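Me: I have a model open beside its sequence, and I would like to go through it with you by question and answer.

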Amino acid sequence: MVQSTARPDAEALDAVFAALSDSTRRAVLEALGERTLSVTELAEPHDMSLTGFMKHLRVLEDAGLISRTKEGRIVRCELSPRPMQEAAVWLSRYEKFWNGRLDALSRFLYHQEETEWRNLPPATPDAPRSPSDGTTASRPTRSGARGPTRRR
């Protein structure tokens with residue numbers, strides 16, 4: 001049996017990103033961002049069976065993104081934002097990394113453009129436009145005599 005070398009927080013992060021990978025689950029989280037809703041209210045806009053929808057809720061709950069409470073016969077869901085905040089912190093590290101890289105690339109390209117323009121030879125007014133000195137003549141059209149016409 002192969003044991004996972006992932007840390008528990010890495011597994012939690014994997015679960016959050018897996019949960020966020022589905023548009024139905026993202027729509028559920030968006031709806032719960034406004035207020036607490038019942039399972040029936042959450043399932044209503046989605047064109048799927050209640051059993052299928054419950055599987056989506058299970059994935060969200062396993063990732064810690066929602067919590068469910070039962071009030072009599074009604075099951076209500078509430079958003080738990082902490083796992084998304086942890087994912088946002090993880091992503092922000094890479095955002096800083098890539099912003100730094102893109103800034104460095106921008107500076108490099110700006111420097112290249114500046115030095116390239118300085119190293120170009122001065123333009124002369126009678127210099128040809130293209131590397132070739134001559135012009136290419138057009139091909140003559142070969143049209144024969146007018147063909148026979150149809151008489152009526």
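Me: Is Thr24 buried, partly exposed or exposed?

Reply: This is a predicted model, in which local features need pLDDT of at least 70 and side-chain atom pairs count only at pLDDT 80 or more, while totals for chains, interfaces and linings use all residues. Residues are numbered from 1 along each chain as its sequence is written, and side-chain values use heavy atoms, with hydrogens and water left out. Buried means under 20% relative accessible area, exposed over 50% and partly exposed in between, with a 1.4 Å probe and protein chains only. Thr24 has a relative accessible area of 14%, so the residue is buried.

Me: Which residues does Thr24 touch, not counting residues up to four places away in sequence?

Reply: Thr24 is found in helix α2, where helices (H or I, at least four residues) and strands (E, at least two) are DSSP runs numbered from the N terminus. A contact means heavy atoms within 4.5 Å. With residues up to four places away in sequence not counted, Thr24 touches His46, Met48, Phe53 and His56.

Me: In what order do the elements of the protein run from the N terminus on?

Reply: The protein has five helices and three strands. From the N terminus on, these elements run α-α-β-α-α-β-β-α.

Me: Which residues does Ser38 touch, not counting residues up to four places away in sequence?

Reply: Ser38 is found in strand β1, residues 37-38, and is buried, with a relative accessible area of 8%. Apart from residues up to four places away in sequence, Ser38 touches Ile74, Val75 and Arg76.

Me: Which residues of the largest nonpolar core touch the most other members?

Reply: In soluble globular proteins, nonpolar side chains tend to be buried together. A nonpolar core is here a set of buried Ala, Val, Leu, Ile, Met, Phe, Trp, Tyr and Cys residues joined through side-chain atoms within 4.5 Å. Of the 18 residues in the largest such core, those that touch the most other members are Leu42, Leu57 and Leu60.

Me: Which elements give two or more residues to this core?

Reply: The core has 18 residues. The elements that give two or more residues to it are α1, α2 (23-34), α3 (39-43) and α4 (50-62).

Me: What separates the C-alpha atoms of Val16 and Glu86?

Reply: Val16 is found in helix α1, residues 8-20, and is buried, with a relative accessible area of 2%. Leaving aside its neighbours within four places in sequence, Val16 is in contact with Ala63, Leu65, Pro83 and Ala87. Val16 and Glu86 are 70 residues apart along the chain, and their C-alpha atoms are separated by 9.4 Å.

Me: Which residues are the closest to the centre of the largest pocket?

Reply: On a 1 Å grid over the protein atoms alone, a cavity is a set of points where a 1.4 Å probe fits but cannot get out, whereas a pocket is an open set with protein on both sides within 12 Å along at least five of seven lines, and lining residues have an atom within 4 Å of a point. Grid points are joined across faces, edges and corners, and a volume is the space filled by probe spheres set on the points. The largest pocket has a volume of about 220 Å³. Of the eleven residues that line the largest pocket, the closest to its centre are Asp9, Ala10, Leu13, Glu86 and Trp90.

Me: Which element supplies the largest share of the lining of the largest pocket?

Reply: Both α1 and α5 supply at least two residues of this lining. The largest share, five residues, comes from α1.

Me: Why is the pair of Trp90 and Tyr94 tilted?

Reply: Rings of Phe, Tyr and Trp (its six-membered ring) pair if their centres lie within 6.5 Å, and planes under 30 degrees apart count as stacked, over 60 as edge-to-face and the rest as tilted. By this rule the count comes to three aromatic pairs. The rings of Trp90 and Tyr94 have their centres 4.8 Å apart and their planes at 50 degrees, so the pair is tilted.

Me: Where do Trp90 and Tyr94 lie?

Reply: Trp90 is partly exposed at 29% relative accessible area, and Tyr94 is partly exposed at 42% relative accessibility. The two residues are four residues apart, about one turn of the helix, and both lie in helix α5 (residues 82-118).
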